[in-house]
2 protein chains.
Amino acid sequence: MAKKRKSDKNVTLKEVAQALGVSTMTVSRAVNNRTNVQENTRKLVIEKAREMGYTPNHVAKSLVSSKTYTIGVIIPQISHAFFPEVVRGIEEVTNSMDYQLFLTNSGESFEREKKAVDALRSKRVDGILVSTSIDMADYTFYQQFISTGPPLVFFDRCIENIGASCIGVNDETASMQITEHLIGHGYKRIAHLSGPPGVTIGKKRLDGFSSAMKKHMLTVHDEWIVESGFREEEGFKAMTRLLDLPKNLRPRAVVAVNDPVAFGAIDAIQKRGLSVPHDIAIVGFTNDIRAELISCPLTTIHQPAYNLGKNAAEKLIKSIENVDEPIENVEIVSTMKIRSSCGCA
Amino acid sequence: MAKKRKSDKNVTLKEVAQALGVSTMTVSRAVNNRTNVQENTRKLVIEKAREMGYTPNHVAKSLVSSKTYTIGVIIPQISHAFFPEVVRGIEEVTNSMDYQLFLTNSGESFEREKKAVDALRSKRVDGILVSTSIDMADYTFYQQFISTGPPLVFFDRCIENIGASCIGVNDETASMQITEHLIGHGYKRIAHLSGPPGVTIGKKRLDGFSSAMKKHMLTVHDEWIVESGFREEEGFKAMTRLLDLPKNLRPRAVVAVNDPVAFGAIDAIQKRGLSVPHDIAIVGFTNDIRAELISCPLTTIHQPAYNLGKNAAEKLIKSIENVDEPIENVEIVSTMKIRSSCGCA
DNA sequence: TTGTACGCGTTATCAA
DNA sequence: TTGATAACGCGTACAA
């Protein structure tokens with residue numbers, strides 16, 4: 001196992017300057033393509049710099065300029081395909097603007113989320129993109145950060161009206177739309193597996209559902225709104241609760257807060273020997289990759305994750321580079337994917 | 001749109017010191033929990049620092065210590081579920097070790113990959129994790145980096161024997177194993193849709209396939225090794241070429257270099273009106289989330305992505321913190337998932 | 001066109 | 001226990 005002999009220390013401007021018998025500034029000017037260097041000198045310097053393996057030290061640059069060309073991104077999950085796709089959109093933008101991207105996965109833990117925000121701040125990122133974790137429970141933390149820290153933009157899971165922009169999806173409208181789709185096909189007894197409270201998208205989807213039901217003057221029994229978190233197991237549990245209702249209270253259709261929850265619910269339905277959509281129709285939200293592949297393909301809302309990431313990153317960079325960039329709530333428009341799980345295809 | 005009035009400038013040690021009438025060093029010692037400060041003083045300082053909203057500047061720290069607690073990760077794709085899962089493993093480790101993670105998606109472009117390496121180096125990351133892009137074509141770039149830059153560890157897609165550790169999967173063995181699985185069930189005419197040349201995993205899987213065939217003294221016609229890249233469309237095209245062969249040359253089973261390619265191939269087979277596994281059996285590699293969900297679930301190799309990420313990150317951090325850490329090639333063991341696409345379930 | 005001095009925010013080192 | 005000074009690598013501002 002040959003051990004590498006490394007010079008270890010990086011070459012500095014000063015070292016290149018000394019090797020050349022010129023001043024540090026001359027080297028600096030040459031490698032940064034400034035105008036005020038003689039062409040000869042520049043060539044000489046560039047050549048020597050390459051030869052010595054000089055690489056600019058951005059840490060030092062950042063200290064002087066108080067600009068790091070770095071942004072922090074905090075996501076609550078990384079396994080769920082949605083977030084990688086958002087990150088792809090973000091990365092596309094940052095990459096083309098020559099920003100580097102710090103990624104942190106909070107794993108739905110607000111403690112980790114806060115720790116990450118502090119760490120990123122100490123690293124002096126130029127801005128931060130956050131999608132809050134489920135158990136986010138402290139507005140004041142972000143209020144404080146927003147009033148003293150670098151620009152922050154929320155995406156997908158936002159805290160609204162605390163002075164930061166939010167790039168979200170038109171959840172409420174979409175939820176209303178998909179609920180009305182069920183209603184339009186004759187369903188009247190419709191339940192909702194709702195997300196955790198306090199997370200905006202959960203609330204919005206619930207509101208959209210409620211509005212649709214109200215608009216069409218359909219009754220929503222209290223038992224029909226079941227809180228279910230965002231994960232498959234939780235969907236299974238929540239659906240089980242619905243199935244345990246006395247027959248005359250059992251819903252005929254279900255709007256799930258997202259696809260994983262819908263998958264869990266379908267599982268619960270089938271384990272009872274019932275069929276989708278024959279006995280119970282169901283729709284989801286997210287257009288998970290599995291949605292069209294399961295035995296009864298799931299009707300759902302397709303979230304434009306990539307665009308959401310792009311928009312969020314663009315908004316953040318604008319906020320970084322222009323102090324007057326306004327605070328906005330942007331809604332990216334989603335689209336409905338009609339498949340067989342709703343029994344209306 | 002209320003505009004925020006920000007102090008903009010971050011509070012520094014010196015400012016806290018002045019506010020308190022002590023020296024910068026005292027403040028530094030206090031906030032860093034050094035022993036040589038009086039308890040009273042410490043309390044006073046900590047309190048004042050909090051009050052003034054002091055946050056340590058890691059950029060300055062890094063300049064002094066030439067240590068950034070930052071590592072760079074370069075992946076070739078982000079949509080493919082495999083890499084997010086690897087990143088989750090990496091993030092788990094870096095997070096617990098208080099390192100921050102720079103993520104770059106090269107999008108299979110070696111140009112972007114090189115640019116990213118240079119950028120990360122200028123940002124003075126403590127180490128880099130790379131999975132090379134398909135069109136990687138310049139060993140010397142990494143040779144140079146490895147001999148002059150910070151520690152680098154390859155994962156999944158490696159360049160071997162150029163002085164960097166590689167954390168990979170036991171591709172060759174696994175490929176041999178899955179091929180032998182087909183052979184064990186009576187298949188003799190077996191083709192291989194191979195990855196792009198020059199990428200180690202492609203080569204290894206081909207080698208495993210060849211070894212298995214050779215070991216069992218089965219003929220491999222030249223036409224049966226079709227280069228197909230890593231993506232679905234490419235699998236479709238490659239399979240089409242196999243299907244276009246005269247009937248007496250057509251294979252009875254196919255080993256695909258990964259699941260997407262297998263999906264493409266299945267599509268091609270079915271578009272011809274043939275059935276899997278009845279007419280042609282097929283196996284993949286990766287255990288894509290879709291593998292068990294398609295109409296004819298795919299037999300494949302499950303890649304322990306999370307563990308791979310964890311191991312790679314651990315190896316890198318060891319290499320960072322201990323100069324004598326040896327260079328190693330580690331193989332994480334994968335497992336076979338037998339489903340119906342091979343007709344042997 | 002080139003060079004000198006200074007400061008960015010922090011810590012190591014030595015002195016008090 | 002505390003403070004003064006220099007240094008990390010670079011760029012701005014000014015002088016030559």
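**View 1. The surface near DNA strand C.** The residues of this surface divide into 11 nonpolar, 11 polar and 2 charged, where Ala, Val, Leu, Ile, Met, Phe, Trp, Tyr, Cys and Pro count as nonpolar, Asp, Glu, Lys and Arg as charged, and the others, Gly among them, as polar. This is a predicted model, in which local features need pLDDT of at least 70 and side-chain atom pairs count only at pLDDT 80 or more, while totals for chains, interfaces and linings use all residues. Residues are numbered from 1 along each chain as its sequence is written, and chains are lettered from A and ligands numbered from 1 in the order in which they are written. Of the 24 residues around DNA strand C, those that come nearest are A:Ser23, B:Leu13, B:Ser28, B:Asn57 and B:Ala60; a residue is near a molecule or strand if its C-beta atom, placed from the backbone, lies within 6 Å of it. At least two residues of this surface are supplied by each of α2 and α4 of chain A and α1 (13-20), α2 and α4 of chain B, and α4(B) gives the most, with 4 residues. Helices (H or I, at least four residues) and strands (E, at least two) are DSSP runs, numbered from the N terminus.

**View 2. The surface near DNA strand D.** Around DNA strand D there are 22 residues, of which A:Thr12, A:Leu13, A:Ser28, B:Ser23 and B:Thr26 come nearest. Two or more residues are given to this surface by α1 (13-20), α2 (24-31) and α4 (58-65) of chain A, together with α2 (24-31) and α4 of chain B. Here α4(A) gives the most, with 4 residues, and the residues of the surface near DNA strand D divide into 11 nonpolar, 9 polar and 2 charged.

**View 3. The interface of chains A and B.** In chain B, 40 residues are in contact with 40 residues of chain A, two residues being in contact if their C-beta atoms, placed from the backbone, lie within 7 Å. On the side of chain B that touches chain A, the elements that give two or more residues are α4 (58-65), α5 (82-96), β2 (100-105), α6 (110-122) and α7 (139-148) of chain B. That side is made up of 18 nonpolar, 14 polar and 8 charged residues. Because 100% of the interface residues of chain B are also interface residues in chain A, the copies meet through the same surface.

**View 4. The rotation axis.** Chain B is superposed on chain A by a rotation of 180° with 0.0 Å of shift along its axis (RMSD 0.1 Å), and the two copies are thus related as by a two-fold rotation axis. The superposition is by least squares on the C-alpha atoms of residues with pLDDT of at least 70 in both. Among the residues of chain B, B:Phe102 comes closest to the rotation axis, its C-alpha lying at 2.2 Å.

**View 5. The largest nonpolar core.** This core has 173 residues, of which A:Ala265 and B:Ala265 touch the most other members. A nonpolar core is a set of buried Ala, Val, Leu, Ile, Met, Phe, Trp, Tyr and Cys residues joined through C-beta atoms within 7 Å, and a residue is buried if 20 or more other C-beta atoms lie within 10 Å of its own, exposed if 12 or fewer, and partly exposed in between, with C-beta atoms placed from the backbone. Apart from neighbours within four places in sequence, B:Ala265 is in contact with B:Leu193, B:Gly235, B:Phe236, B:Ala238, B:Met239, B:Val254, B:Ala256 and B:Ile282.

**View 6. Loops of chain B with backbone features.** A cis peptide bond, with omega about 0°, joins B:Val276 and B:Pro277, and B:Pro277 lies in the loop between α11 (259-271) and β9 (281-283) of chain B. B:Thr286 is not a glycine, yet has a positive phi of about 140°; B:Thr286 belongs to the loop between β9 and β10 (300-302) of chain B and is buried, with 25 other C-beta atoms within 10 Å. B:Met217, also other than glycine, has a positive phi near 55°; this residue is in the loop between α9 (200-215) and β7 (225-227) of chain B and counts as exposed, with 7 C-beta neighbours inside 10 Å.

View 7. Chain A averages a pLDDT of 93, and 97% of the residues score at least 70; pLDDT is the predictor's confidence in each residue, from 0 to 100. Over residues 1-7 of chain A, however, the pLDDT is below 50, and beyond near neighbours in sequence this stretch has 5 contacts in the model. Where pLDDT is low, the predicted coordinates should not be read in detail.
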